[in-house]
Amino acid sequence: METGDNIWEVFIQKKPGIAFKHAGSVHGYDKKMAVQNARDAYCRRGEGRELWVVPSASIVSVPMEDADAYFDPQEDKIYRHPTFYQIPAEVKNI
Amino acid sequence: MEKHEAAFNALIEQDLKIEPHDWMPDEYRKHLVRQVSQHAHSEVIGMQPEGNWLLRAPSLRSKQVLLAKIQDEGGHGLYLYSVAETLNVSREELITQLHEGKARYSSVFNYPTLNWADIGAIGWLVDGAAIVNQVSLQKTSYGPYSRAMVRICMEESFHQRQGFEIMIHMARGTKEQREMAQDAVNRFWFPALMMFGPHDTDSAHTGNAMKWKIKRESNDYLRQKFIDKTVPQVEFLGLTVPDPNCRLNETTGSYEHSPLDWNEFHDVINGYGPCNTDRLDHHRNVQQENRWVREAAAAYAQKTETVNSSL
């Protein structure tokens with residue numbers, strides 16, 4: 001890649017109250033150019049009211065090699081789910 | 001390795017998506033890079049035949065519309081280069097391959113745009129064919145490619161409708177305008193049909209692509225779908241398809257057509273179309289002429305860029 005031409009991940013918030021959602025990525029030499037490119041590429045039809053750009057290199061992810069170990073506990077700790085607990089039928093609103 | 005391959009096959013089997021960090025066979029990655037690169041280059045090179053009419057558009061309204069459409073095509077190219085970048089190939093590498101003649105783009109963009117109705121025919125027929133293909137690719141197995149296709153399809157429907165609107169104006173206009181409309185259909189009909197690629201029996205890459213669900217429907221199936229949608233639209237305009245054998249088969253409900261001239265297709269793909277040299281020269285020259293802008297942007301960023309998040 002040419003010197004200084006960085007990749008940025010783009011996140012867009014469609015309306016207030018809604019979480020920012022990943023839209024894709026853009027190139028840009030600096031953050032101002034990245035924001036302008038993100039607007040031009042991803043917001044030509046009212047897709048958002050706010051956007052974030054984050055240098056792609058700053059995103060940290062779990063290596064796929066380790067994914068099983070990271071996410072497995074969700075499966076076997078069933079006591080974290082409300083359906084694990086027995087409540088007498090006559091008790092309401094719980 | 002076997003564990004990874006099994007996980008990959010299970011995702012494909014269940015119609016789930018493969019994401020950039022998932023293990024994938026080398027051939028899967030290679031096929032995707034080739035397909036996405038060709039798709040991205042087509043979007044970008046496709047701006048040239050349309051740009052040819054930008055300064056000669058017949059009204060301010062048509063100029064605004066054409067400019068917006070061309071901007072969309074540039075955007076589509078950018079989404080697709082981003083998809084390729086998730087597969088560890090940089091945009092710069094892809095563009096170098098294009099300039100060196102190692103990467104392809106759709107042969108239809110090597111034809112010239114000779115009259116204003118060509119701009120209508122491109123939006124209606126060329127983008128129409130692209131939509132049929134891209135709607136099918138929304139279900140492709142590679143997540144970033146699939147998401148780009150969803151976005152692109154949303155934007156393409158405007159392209160096709162603006163093209164058809166131009167065709168209506170031309171077909172209902174003066175005798176000369178009607179002739180231009182028919183001339184545009186005559187020249188773009190077969191190139192649009194060939195956008196779907198070779199027949200299934202001759203398509204070198206189809207086998208694995210279907211197995212891995214990169215492609216979801218075959219070239220011939222999609223081509224027929226496009227013909228069946230489009231012939232009634234040609235008739236609505238009072239124009240004719242440049243194919244004496246194009247007629248509705250009452251039994252199948254589909255339109256039959258003459259054999260396609262694959263020699264022409266291969267000639268154009270291999271560099272001998274009317275505009276191949278112009279298209280690539282233009283892209284190379286612009287890249288070269290803009291070099292100082294990139295250098296200035298890099299120098300400016302180096303001097304001014306700070307880590308805080310305000311602009």
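This is a predicted model: local features need pLDDT of at least 70, side-chain atom pairs count only at pLDDT 80 or more; totals for chains, interfaces and linings use all residues.
Residues are numbered from 1 along each chain as its sequence is written, and chains are lettered from A and ligands numbered from 1 in the order in which they are written.

In chain A, three strands make up an open sheet with antiparallel pairing in the order β2-β1-β3, where strands are DSSP runs of E with at least two residues, helices are runs of H or I with at least four, and both are numbered from the N terminus. Two strands pair if DSSP finds at least two bridges between them. The edge strands, β2 (21-28) and β3 (50-55) of chain A, each pair on one side only, and the twist from one strand to the next averages 30°. Strand β1 (residues 6-13) of chain A is joined to β3(A) over six bridges in the antiparallel sense; within this pairing A:Ile12 stands opposite A:Leu51, and A:Glu9 stands opposite A:Val54. Towards β2(A), β1(A) forms seven bridges, again antiparallel, and A:Phe11 has A:His22 as its bridge partner there.

In chain B, helix α4 (residues 60-85) and helix α7 (residues 143-171) have axes that come within 10 Å and cross at roughly 165°, the axes being lines fitted to C-alpha atoms over the stretch in contact and the angles running from 0 to 180 degrees between N-to-C directions. The two helices are therefore roughly antiparallel to each other, a term that applies to angles over 145 degrees. Among the residues that meet are B:Val65, B:Asp72 and B:Tyr79 in α4(B) and B:Pro144, B:Arg151 and B:Glu155 in α7(B), contact requiring C-beta atoms, placed from the backbone, within 7 Å. By class, this contact of α4(B) with α7(B) has eight nonpolar, three polar and four charged residues; Ala, Val, Leu, Ile, Met, Phe, Trp, Tyr, Cys and Pro count as nonpolar, Asp, Glu, Lys and Arg as charged, and the others, Gly among them, as polar.

Helix α2 (residues 26-45) of chain B also packs with α4(B), at an angle of about 160° and with the axes 7 Å apart, and these helices are therefore roughly antiparallel to each other. Their contact includes B:Val33, B:Val36 and B:Ala40 of α2(B) and B:Gly74, B:Gly77 and B:Tyr81 of α4(B), and its residues divide into eight nonpolar, five polar and two charged.

Terms used: Angles under 35 degrees count as roughly parallel, over 145 as roughly antiparallel, 65 to 115 as roughly perpendicular and the rest as oblique. Two residues are in contact if their C-beta atoms, placed from the backbone, lie within 7 Å.
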